[in-house]
Amino acid sequence: MVPRASLSRAARRALAPQCSKRPGHCRTLASAKSSSYNYETGEANGIKFATRDLPGPTTQLALVARAGTRFQLYPGFAEGLEKFAFKSTYKRSSLRITREAELLGGELFAYHSRENLVIGAKFLREDLPYFTELLGEVVSETKFTRHELHEEVIRVIKLGQKSILGNTAEMALNSAHAVAFHRGLGTALHPTSSVPITRYLHEGSLQNFSRAAYAKPNFAVVANGAGHDELEKWIGEFFTNSPAAPPENLPPIETKPSKYYGGEERIAHDGGNNMIIAFPGSGAYTGGHYKPEIAVLSSLLGGQSYIKWSPGFSLLARATKAQTQAHVSTRNLSYSDAGLLTISMAGNAQHIREASEAIIEILKAISGGDIAKEDIQKAIANAKFRTLEAGQNIGTGLELTGAGLVQSGKASQLDGIAEAIEGVTEDKVKKAAGSLLEGKATVSSVGDLFVLPFAEEIGLHV
């Protein structure tokens, strides 16, 4: 029998001449600069759009509008506009829309974030004309009927409000945003049960808001798995009724720059313990507030492991190893003109308290340069991978690209992000950590307030 090692060497020798003789037939891994991962942008009928013509039989198409909770005119408007997506239009009933999408094997979706409202569909590639037409109808011809508002939209919103009551993690995250940014980005992602949404949500007011949100300067269309020229053709044909500008008699969508404040909020709750320590973070790459060193610092702090059977290389994973009943994770939440670097803790209140003290010591160690160079290198590699993975992800890439086109006219391109992260040095990471400790922090605690610490007790300025 021929040894396995010998066979492997022989196989390599056999393949090497073939690759040298026929280089066009030798496949290589795509790099961050591969053009297949970048979007081609354009404008059709005054509407910005972007395409990434990925090979395959399916397409994902989305409309990204500047209509998230940051930009809503009144409480509940972003939620209401999302829930009215694919309801009755002047051409089709909601039942007909549902049946047609099912017959074509498609999938419809709608969601909102703090800045964006995303409405889209997944379908077979040859059905691009139908679903482009459908999105055009949603934008300009939704009826906003009274019975759909009261029987379906508000009913579903109220069910969602009840689920938030027991979700301490979401309560802490909403609290952190409110403390950090006050209005705008500080608005809760979903209205809580104490918000009187029925005072503001009316079919007429929602329709007026839609005319501003769906004006051509306030949305973009993004597609994965569609040809650039083909999408341009169908947008030009089916988005003819979109207003060129928001109506003059309506209040303009607020675009005032975000301002970071910082502070502390404590909410007693018997359903669990969550604590978030947050600092000013990095904005989106398409804006003018991108800080690649924050992405590296986020990976360096970490807390969560990405390697099976290993606690991970991150500093917080090692520092909080004894706090087995506290889950720690670090994320940078990026927005068009601001960011929030969050260190979230969940679990046992006493272990959260101990972990929070370790977090401050780790930040001091980083700012003082008391970290291994190897840890910095691992953090840069991890930050690069996490960022590129998010951009390559079809769903995440749609929103990032659409938001970039609306906010700055630029699509989020992976090669530029990768180069920025590769350029981060150890000194930049140390300075970033030092600036966090010198400035005002944001601390939000939900749970057993008798045990969970105040910001001052762990050495933070608020």
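**View A. The crossing of helices α11 and α15 is left-handed.** This is a predicted model, in which local features need pLDDT of at least 70, side-chain atom pairs count only at pLDDT 80 or more, and totals for chains, interfaces and linings use all residues. Residues are numbered from 1 along each chain as its sequence is written, and side-chain values use heavy atoms, with hydrogens and water left out. Helices (H or I, at least four residues) and strands (E, at least two) are DSSP runs, numbered from the N terminus. A crossing is called left-handed if the near helix is turned anticlockwise from the far one by less than a right angle, and right-handed if clockwise. Helix α11 covers residues 349-367 and helix α15 covers residues 426-438; they pack at an angle of about 135°, with their axes 7 Å apart. Axes are lines fitted to C-alpha atoms, for helices over the stretch in contact, and angles run from 0 to 180 degrees between N-to-C directions. α11 and α15 are therefore oblique to each other (angles under 35 degrees count as roughly parallel, over 145 as roughly antiparallel, 65 to 115 as roughly perpendicular and the rest as oblique). On the α11 side the contact is made by Ile360, Leu363, Lys364, Ile366 and Ser367, and on the α15 side by Val429, Lys430, Ala433, Gly434 and Leu437. Contact means heavy atoms within 4.5 Å. Sorted by class, the contact of α11 with α15 has 6 nonpolar, 2 polar and 2 charged residues (Ala, Val, Leu, Ile, Met, Phe, Trp, Tyr, Cys and Pro count as nonpolar, Asp, Glu, Lys and Arg as charged, and the others, Gly among them, as polar).

**View B. Helix α4 packs against helix α8.** The angle between α4 (residues 128-141) and α8 (residues 228-238) is about 40°, and their axes are 9 Å apart. That makes α4 oblique to α8. The crossing of α4 past α8 is right-handed. From α4, the residues Leu128, Pro129, Thr132, Glu133 and Gly136 meet Glu230, Leu231, Trp234, Ile235 and Phe238 of α8. By class, this contact of α4 with α8 has 6 nonpolar, 2 polar and 2 charged residues.

**View C. Helix α3 packs against helix α4.** Here the angle is about 160° and the axes are 12 Å apart. α3 and α4 are therefore roughly antiparallel to each other. Their crossing is left-handed. Ile97, Glu100 and Ala101 of α3 meet Tyr130, Phe131 and Leu134 of α4. The contact of α3 with α4 has 5 nonpolar, no polar and 1 charged residues.

**View D. The largest nonpolar core has 48 residues.** A nonpolar core is a set of buried Ala, Val, Leu, Ile, Met, Phe, Trp, Tyr and Cys residues joined through side-chain atoms within 4.5 Å. Buried means under 20% relative accessible area, exposed over 50%, and partly exposed in between (1.4 Å probe, protein chains only). Tyr214 and Phe239 have the most contacts inside this core. Helix α4 gives the most to the core, with 7 residues. Another core, of 44 residues, lies apart from the largest one, and Phe279, Ile294, Ile362 and Val443 are among its members.

**View E. Phe86 and Phe144 have positive phi values.** Phi of Phe86, which is not a glycine, is near 70°. Phe86 is in the loop between α2 (77-83) and α3 (94-103), and counts as buried at 10% relative accessibility. For Phe144, also not a glycine, phi is about 55°. The loop between α4 and α5 (146-165) holds Phe144, and at 6% relative accessibility this residue counts as buried.

**View F. Leu185 lies in the loop between α6 and α7 (203-213).** Leu185 counts as buried, at 1% relative accessibility. Leu185 and Arg70 are 115 residues apart in sequence, and their C-alpha atoms are 5.0 Å apart in space. Leaving out residues up to four places away in sequence, Leu185 touches Arg70, Arg114, Glu115, His177, Ser258, Tyr335 and Ala338.
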